[in-house]
Amino acid sequence: MEEWLAQLEAVRGLSPRTITAYRRDVSGYLGFLALHNGGPAGRAALGRVGTAEARAWMARERGRGLGPRSMSRALSAVKSFHAWLAEAQGIEAPAVTATRGPRVKPRLPRPVAPDAARALIAAVAAQSLEPWIAARDVAVVTLLYGGGLRISEALGLRQADAPLPASLRIRGKGGRERMVPVLPAVRAAVEHYRDLCPFEPGAQAPLFLGQRGGALNPRLVQKAMAAARMQLGLPATATPHALRHSFATHLLEAGGDLRTIQELLGHASLATTQVYTGVDQVRLMEAYAAAHPKARG
């Protein structure tokens, strides 16, 4: 299993959090096989796993309270492990890789409206009495909304990346690189923060610094957003990541095409980006229900 995980990390560039989840899922699966078969899951036992064993494991996991989404992820990890066993070790268990997981209803993103996004950015500026910290937080959330970045991507920027160029090269999930246009408002917010920042770190230091000059903890950005949304009366779903959803949704509403939005977000699959069409459809139906005379009848 450790060889498989090392291969995933090196070749597919999976994050440490994903590797930890995969290790936990497959360890639980191997533990189940050991109990089910009355002995450790060695080469022979792994090659004999069939549909009955796979379904029994899934039933055990569902009985432990695992939801459809978590079950689907665990099954994906187990299938990946068996696919690697077949390719690297010659241990084939085709019944496992053919097992179908639970049907998972796509979870629609919850963006905030354009005026709410602007209000959030303005409110974040009032969450700190220290001017440079307020400017820093505003720069981060402006970057999330204006560029569609994940918070980890924004906080991964270095001093050498500033002043921000017209297009920024971002390395996202799975090591995928993408080019993100930098809006003038984003550049101005970052430069304002840099003008006020009291530290002079080296080129390879983080662009966004904490109070003592170290790397900024993402939790502090989340706290600033939480205070801002409470001030504005917005729901708990108005998080830093919701600004990334807002970036994509507002582009789609303005006529942006899915393929371009996919590239800007750094999604590996267009299917991932297509969830935003569901958001657009929901808003269309809400507008219809509110405005059409027949809908009110």
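Thr142 counts as buried, because its relative accessibility is 11% and the cut-off for a buried residue is under 20% relative accessible area. This residue is found in helix α8, and the description that follows, like everything said here, concerns a predicted model.

**Around Thr142**

- Leaving aside residues up to four places away in sequence, Thr142 touches Ile121, Gly147, Ala185, Val186 and Ala189.
- Thr142 and Leu183 are 41 residues apart along the chain, and their C-alpha atoms are separated by 9.7 Å.

**The chain as a whole**

- The secondary structure of the chain comes to 16 helices and 2 strands.
- The chain has 297 residues, and buried residues make up 40% of them.

**Helices α8 and α12**

- Two packed helices are described by the angle between their axes and by the distance between the axes.
- Helix α8, which covers residues 131-147, and helix α12, which covers residues 240-253, have axes that come within 7 Å and cross at roughly 30 degrees.
- That angle makes α8 roughly parallel to α12, since angles under 35 degrees count as roughly parallel.
- The crossing in which α8 passes α12 is right-handed.
- On the α8 side, the residues that meet α12 are Val141, Leu144, Tyr145, Gly146 and Gly147, while on the α12 side they are Pro240, Leu243, Arg244, Ser246, Phe247 and His250.
- Sorted by class, the contact of α8 with α12 has 6 nonpolar, 4 polar and 1 charged residues.

**Helices α1 and α2**

- The axes of helix α1 (residues 2-12) and helix α2 (residues 16-37) come within 11 Å, and they cross at roughly 155 degrees.
- The two helices α1 and α2 are therefore roughly antiparallel to each other, because angles over 145 degrees count as roughly antiparallel.
- The crossing of α1 and α2 is right-handed.
- Helix α1 contributes Glu2, Trp4, Leu5, Leu8 and Glu9 to this contact, and helix α2 contributes Ile19, Tyr22, Arg23 and Val26.
- Sorted by class, the contact of α1 with α2 has 6 nonpolar residues and 3 charged residues, but no polar ones.

**Helices α2 and α4**

- Helix α2 also packs with helix α4 (residues 51-63), at an angle of about 115 degrees and with the two axes 10 Å apart.
- That makes α2 roughly perpendicular to α4, since the range from 65 to 115 degrees counts as roughly perpendicular.
- Helix α2 passes α4 in a right-handed crossing.
- In this contact, Gly28, Tyr29, Phe32, Leu33 and His36 of α2 meet Glu53, Ala56, Trp57 and Arg60 of α4.
- Sorted by class, the contact of α2 with α4 has 5 nonpolar, 2 polar and 2 charged residues.

- Although Arg55 and Thr99 are 44 residues apart in sequence, they are 8.1 Å apart in space, taken from C-alpha to C-alpha.
- Ala86 is found in helix α5, which covers residues 68-89, and with a relative accessible area of 28% Ala86 is partly exposed.
- Ala86 touches Ile91 and Glu92 when residues up to four places away in sequence are not counted.
- Ala86 and Gly47 are 39 residues apart in sequence, and from C-alpha to C-alpha they are 9.0 Å apart in space.

**A cis peptide bond**

- Most peptide bonds are trans.
- The bond that joins Ala162 and Pro163, however, is a cis peptide bond, with omega at about -5 degrees.
- Pro163 has its place in the loop between α9 (151-155) and β1 (167-171).

Definitions and conventions
Residues numbered from 1 in each chain as written. Predicted model: local features only at pLDDT ≥ 70, side-chain atom pairs only at ≥ 80, totals over all residues. Heavy atoms only, no water. Helix = DSSP H or I, 4+ residues; strand = E, 2+ residues; numbered from the N terminus. Buried < 20%, exposed > 50% of the residue type's maximum accessible area, 1.4 Å probe, protein only. Axes fitted to C-alpha atoms, helices over the stretch in contact; angles between N-to-C directions. Left-handed = near helix turned anticlockwise from the far one by under 90°. Contact = heavy atoms within 4.5 Å. Nonpolar A, V, L, I, M, F, W, Y, C, P; charged D, E, K, R; others polar.
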